[in-house]
Structure formats: C-alpha cells, structure tokens
Amino acid sequence: MRAVVVEQWGGAENLVEREVRRPEPGLNEVLVRVHAAGVNPVDWKTRASGALIEWGAVPAVGWDVSGTIEAVGPGVGVFRPGDEVFGMPLFPRQAGAYAEYVVAPARHLAPKPASLTHVEAAALPLAALTAWQALVDTAGVRPGERVLVHAAAGGVGHLAVQIAKARGAYVVGTASAAKHDLVRRLGADAVIDYRAARFEDVVSDIDVVLDGLGGETAERSLTVLRTGGRLITLPGPDDAPAARDGVRVVWMLVEPDHLGLREISALVERGALRPVIDTVVPLAEAAKAHQIGEQGRTTGKIVLTVA
C-alpha cells in the first residue's frame with residue numbers, strides 16, 4: 001500500500017510517499033481503507049522533532065481517519081466489513097493515518113456521521129475530541145456559563161465554539177478581525193480581535209478558558225477567571241501556569257474515545273456541529289499540507305484525500 005513516512009526528523013520535505021506492507025488486524029482490531037486523513041498541528045510538531053509520540057519501526061504521522069472497514073480481527077463485534085467509520089486511533093502511539101490502510105482498535109473508531117463526507121469526517125476526530133474532552137469531560141461546562149475560547153477560528157477552536165454553544169454557554173472567542181464573521185456564524189456571542197485589544201481588558205468573570213496557545217496567553221487567562229473557574233490548556237505541561245486560589249488549571253492531552261466520537265456525531269446529526277475545511281490536498285502532497293499548516297494562518301482544518 002501507499003503510505004507517507006518520515007525519512008528523518010526535520011522539515012516537511014522529509015515526508016515521503018513509499019510502498020509499504022499493508023497491516024493486518026489483530027485481536028479486537030479492524031483494518032480501515034482510508035478515504036481521507038485529517039492534518040493537525042501535532043503532526044508537524046512531532047515530524048519536526050520525533051518528540052512525544054511512541055513511534056513504530058518506520059515513523060509515520062497522522063491520526064485522524066475516515067474510511068471503510070476492510071476487515072475485522074478476532075473478537076470484534078461492533079463493526080463489519082463495509083461499515084463507514086471515523087476516529088483517532090492509537091494516539092499518542094503511532095497510527096500512520098497518512099496511508100491507504102490503517103489498523104486500529106475497534107473501540108478507537110465510531111460510525112461516520114451520515115451527513116458528512118469522508119473529507120469532513122476526517123477533519124473532526126482529534127480536534128473535536130480535544131474540544132469535547134476539555135470542555136465537557138474536564139471542565140464540565142454547564143448552561144449559562146461564560147466560556148472563552150482562544151484561537152477560535154483554528155482547528156480545535158472552531159469546534160470548541162460550537163460545542164460550548166451546544167452546551168448552553170455564553171461563548172467569547174479570540175481571532176483576527178478577518179475571521180470574526182466566521183466565529184460569530186459558528187455561534188460565538190462575542191469575538192475579540194487579539195491584535196487590537198488585550199482580551200483581559202475586554203472580558204472578566206469567565207467560568208472556563210480553553211487555551212490552545214500557552215505561554216503568556218495562559219498566564220493572562222488566569223486573570224479573567226472568576227472564583228471556581230477552570231483553565232484548560234493544551235500546548236504542553238510546561239505551558240500550564242500555576243493555579244491561583246479558587247481557580248483550577250489542567251493540562252490535557254486528548255485520547256481515543258469511542259463514546260466521545262458518538263457524542264460528536266450526535267451533535268453533527270442534529271446540526272449543532274460542522275467542521276470548517278481550509279485546504280484539501282492529495283496524499284502525495286502531505287508535505288505541502290504541513291507547510292500550509294506551519295504558517296499558522298489556517299481557518300478550520302487541512303485534510304488529505306486518499307484515492
């Protein structure tokens with residue numbers, strides 16, 4: 001099968017398409033014929049350094065997949081060949097989703113939302129699960145709470161805005177001025193141009209902050225939280241500031257989640273959640289996808305298609 005592998009850690013030019021052996025599903029695993037694979041910041045960050053991830057013998061990036069079950073291993077009862085699925089298998093171990101086929105534990109996948117194309121479904125798993133696990137499982141966002149989402153037009157952010165709104169929250173997002181209309185269409189009640197104003201000068205009494213930026217943004221976010229507030233930060237444990245009295249600070253790393261995927265699918269099917277697709281490129285141009293993503297100007301998600 002065709003797969004994109006990492007020849008050596010470093011720049012995007014080190015992503016190369018190769019012919020590799022097609023994997024076979026083992027106990028409780030399925031073989032997925034990949035139709036589309038989502039691209040996430042963790043893909044290019046780990047490609048650059050090899051850090052964080054448990055790699056296989058041939059390093060291969062990518063976790064977001066949408067495709068069709070090709071074969072099932074012994075013990076699998078939830079899927080049959082021909083079923084359309086989506087998911088984020090194995091993270092933070094290597095999945096190698098930039099490929100024609102990928103093997104995954106059956107419970108790391110869920111039925112693909114019927115209303116989405118494979119390209120749209122592939123844009124969801126890692127980013128939407130991150131937003132869901134941060135806002136729902138970790139922060140426990142409740143109706144009427146005030147939620148601040150940083151980078152609200154980005155991969156995680158644009159989905160977090162919709163999830164928080166679906167939970168009944170009052171949602172504030174930060175984004176460049178050119179992206180304000182989009183963020184409002186996604187459901188934000190207010191949008192702050194981070195280039196024109198400091199968010200802490202504009203908002204206060206926030207219950208939950210979702211921080212995908214880290215650094216000083218995380219530190220400054222503490223100042224807008226009310227007593228009992230929660231700061232969920234994503235970039236890394238070293239970017240998590242020390243908690244202050246009455247405020248909870250959590251660094252969170254997303255994990256595969258069959259039930260979370262089903263909750264996300266339910267939001268999609270009731271019209272409360274939709275991914276925004278920035279760029280679609282073929283598998284052979286994975287390096288180009290990473291180069292686009294590394295510019296930091298993406299609105300929504302980048303997706304690879306697999307013929």
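A crossing of two helices is left-handed if the near helix is turned anticlockwise from the far one by less than a right angle, and right-handed if clockwise. By this rule, α3 and α4 cross in the right-handed sense. Helices here are DSSP runs of H or I with at least four residues, strands are runs of E with at least two, and both are numbered from the N terminus. The model is predicted, so local features need pLDDT of at least 70 and side-chain atom pairs count only at pLDDT 80 or more, while totals for chains, interfaces and linings use all residues. Residues are numbered from 1 along each chain as its sequence is written, and side-chain values use heavy atoms, with hydrogens and water left out.

On the α3 side, the contact is made by Ala127, Ala128, Thr130, Ala131, Trp132, Leu135 and Val136. On the α4 side, Gly155, Val156, Leu159, Ala160, Ile163 and Ala164 take part. Contact means heavy atoms within 4.5 Å.

Helix α1 spans residues 41-49. Its buried residues are Val42, Asp43, Trp44, Thr46 and Arg47. Buried means under 20% relative accessible area, exposed means over 50%, and partly exposed lies in between (1.4 Å probe, protein chains only). After α1 comes Gly50, with a positive phi near 80 degrees.

Charged side chains were examined next. A salt bridge is a side-chain nitrogen of Lys or Arg within 4 Å of a carboxyl oxygen of Asp or Glu. The count comes to 16 salt bridges. One of them joins Glu100 and Arg2, at 3.4 Å from N to O. This pair links distant parts of the chain, 98 residues apart. Glu100 sits in the loop between β5 (84-87) and β6 (101-105), and Arg2 in strand β1. Glu100 counts as buried because its relative accessibility is 19%.

Another salt bridge joins Arg274 and Glu120, at 3.5 Å from N to O. Here the partners are 154 residues apart. Arg274 lies in the loop between α7 (258-269) and β14 (277-282), while Glu120 belongs to helix α2 (residues 118-122). Arg274 is partly exposed, at 36% relative accessibility, whereas Glu120 is buried, at 17%. Arg198 and Glu200 also form a salt bridge, at 2.6 Å from N to O. Arg198 is partly exposed, with a relative accessible area of 42%. A network of salt bridges links Arg198, Glu200, Glu216 and Arg220.

Glu145 is found in the loop between α3 and β8. It is buried, at 7% relative accessibility. Its side chain makes a polar contact with the side chain of Arg142, at 3.0 Å. A polar contact is a pair of N or O atoms within 3.5 Å; within protein, one must be able to donate a hydrogen and the other to accept it, and residues adjacent in sequence count only if both atoms are side-chain atoms. Leaving aside residues up to four places away in sequence, Glu145 touches Gly140, Ala169, Tyr170, Asp207, Val208 and Arg230.

Backbone geometry was considered last. Most residues other than glycine have a negative phi, and most peptide bonds are trans. Asn28, in the loop between β2 and β3, has a positive phi near 60 degrees. Asn28 is partly exposed, with a relative accessible area of 45%. Ala151 has a positive phi of about 55 degrees and is not a glycine either. The peptide bond from Phe91 to Pro92 is cis, with omega near 10 degrees. Pro92 lies in the loop between β5 and β6.
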